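Dear colleague,

I am passing on the structure we talked about, and I would ask you to have it open while you read the notes that follow.

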Amino acid sequence: CTRHLYPLLTLLRWPPTPPHNQVNLPPPNPPRSLAVGMGEERTEAWWGRRAWALLSAVRARAPLVQCITNLVSMDIAANALTAAGASPAMLHCIREIPDFTPRCHAVYINVGTLSEDWLPSMRAAASAGRPWVLDPVAAAASQFRMEACLELLALRPAVVRGNASEILALAARSDSSPTFKGVDSSHDSGEVLQAAKALARSSGTVVAVSGAVDFITDGEQVISASNGVAMMQKITATGCAVTALIAAFVGADPSDALAAAACALAIFGLAGEIGMESAKGPASLRMHLIDALYGLDEQTVTSGVKIALLP
Ligand SMILES: Nc1ncnc2c1ncn2[C@@H]1O[C@H](COP(=O)(O)OP(=O)(O)OP(=O)(O)O)[C@@H](O)[C@H]1O
Ligand SMILES: Cc1ncsc1CCO
Ligand SMILES: [Mg+2]
């Protein structure tokens, strides 16, 4: 009898669904800040404890991270987030943003395969009131892309993470670099520190430059994170994946985006170092890095991350 009843109930729209505007859940509770020991001197040991506290918070809180990211990176970003304990959702349809984005702990926006169709979704998600993180892939590729990045930047991401060339182009607001190499960097991270600081100050966000050493700045303080292996550059979209991880860390504790970005970069690099012990090349490093991220324990993180506040 119930077999026949169900189609009938569906036709009668029973049970009734609430009106559209009541389907929205309230935004997630603001996570409890992990800002313990904030007054203490930020020694290497302090950073080790902080990195472990943040990774533990991601595992415990499983922050929901909406990712509007490029088509190349979707798989590695979703897998890195899941291995770290976060909950990724690759949604980019503008019709879904009013319902879905307010429920997220953080939003990740990446312009790697930008199109006119996706830009309105990026604007809407960045404006939804959730903490969000920008990856300005190949910012200097075209005038359209540079203008899109600058427009998104004006919507105040908590963190912008790019490679050295991307940060340099954004800081100069210029898409006409003679050394432009597409999604890859033609500069070292250390070369663009002043540009990163200037960009952080002018945009009011934390800026992270990845490379052999990652630098993270709010325009005043500069933090270095020196984990990672060069082979990570030979896996496409590792930069996109680490920006997604930064979004998860910000989602787990939005109170200190500078620390969240530094710890996410160091932890991702540490997973790369451990992964490299078993890898034979880029393809197996990709797999072992994700395994290592999943398996990190307290001892490995507290003794393995290399984070320092520059004088
Ligand atoms: N020479 C290196 N030594 C150690 N780690 C590195 C090196 N170069 C990059 N990394 C690490 O690799 C990751 C990706 O950084 P990278 O600067 O290559 O990003 P990206 O150019 O934006 O990458 P993609 O566009 O492919 O996503 C970061 O975690 C970074 O710390
Ligand atoms: C290869 C590539 N092209 C656009 S995005 C992307 C992934 C690395 O940034
Ligand atoms: Mg990149």
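Let me begin with strand S6, where Val206, Ala208 and Ser210 point one way while Val207 and Val209 point the other way, and where all of these residues are buried. Please keep in mind throughout that this is a predicted model. Because five of the five residues of S6, which covers residues 206-210, are buried, the strand is largely enclosed by the rest of the structure.

Which strands pair with S6? Strand S5 (residues 159-163) pairs with S6 in the parallel sense, over five bridges, and within this pairing Gly162 stands opposite Val209. Strand S7 (residues 214-217) pairs with S6 as well, but in the antiparallel sense and over three bridges, and here the bridge partner of Val209 is Phe215 in S7. S6 and S7 together form a hairpin, with three residues between the two strands.

Turning to the ligands, you will find that 23 residues surround ligand 1, and that the closest are Asn163, Ser210, Gly228, Met232 and Gly239. Helix H10 (238-252) and helix H11 (257-276) each supply at least two residues of the shell around ligand 1, and the largest share, four residues, comes from H10. By type, the residues of this shell divide into eleven nonpolar, ten polar and two charged.

Ligand 2 is surrounded by a set of residues that includes Asn70, Ser73, Thr113, Val183, Gly239 and Cys240. The shell around ligand 2 divides into five nonpolar residues, six polar ones and no charged ones.

In soluble globular proteins, nonpolar side chains tend to be buried together. The largest nonpolar core here has 102 residues, of which Ala244, Leu245, Ile246, Ala248, Ala261 and Ile267 touch the most other members, and the largest share of this core, 15 residues, comes from H11. If residues up to four places away in sequence are not counted, Ile267 touches Ala51, Leu55, Leu296, Val301 and Val305.

With best wishes

Conventions
Residues are numbered from 1 along each chain as its sequence is written. Chains are lettered from A and ligands numbered from 1 in the order in which they are written. This is a predicted model: local features need pLDDT of at least 70, side-chain atom pairs count only at pLDDT 80 or more; totals for chains, interfaces and linings use all residues. A residue is near a molecule or strand if its C-beta atom, placed from the backbone, lies within 6 Å of it. Ala, Val, Leu, Ile, Met, Phe, Trp, Tyr, Cys and Pro count as nonpolar, Asp, Glu, Lys and Arg as charged, and the others, Gly among them, as polar. A nonpolar core is a set of buried Ala, Val, Leu, Ile, Met, Phe, Trp, Tyr and Cys residues joined through C-beta atoms within 7 Å. A residue is buried if 20 or more other C-beta atoms lie within 10 Å of its own, exposed if 12 or fewer, and partly exposed in between; C-beta atoms are placed from the backbone. Two residues are in contact if their C-beta atoms, placed from the backbone, lie within 7 Å. Two strands pair if DSSP finds at least two bridges between them.
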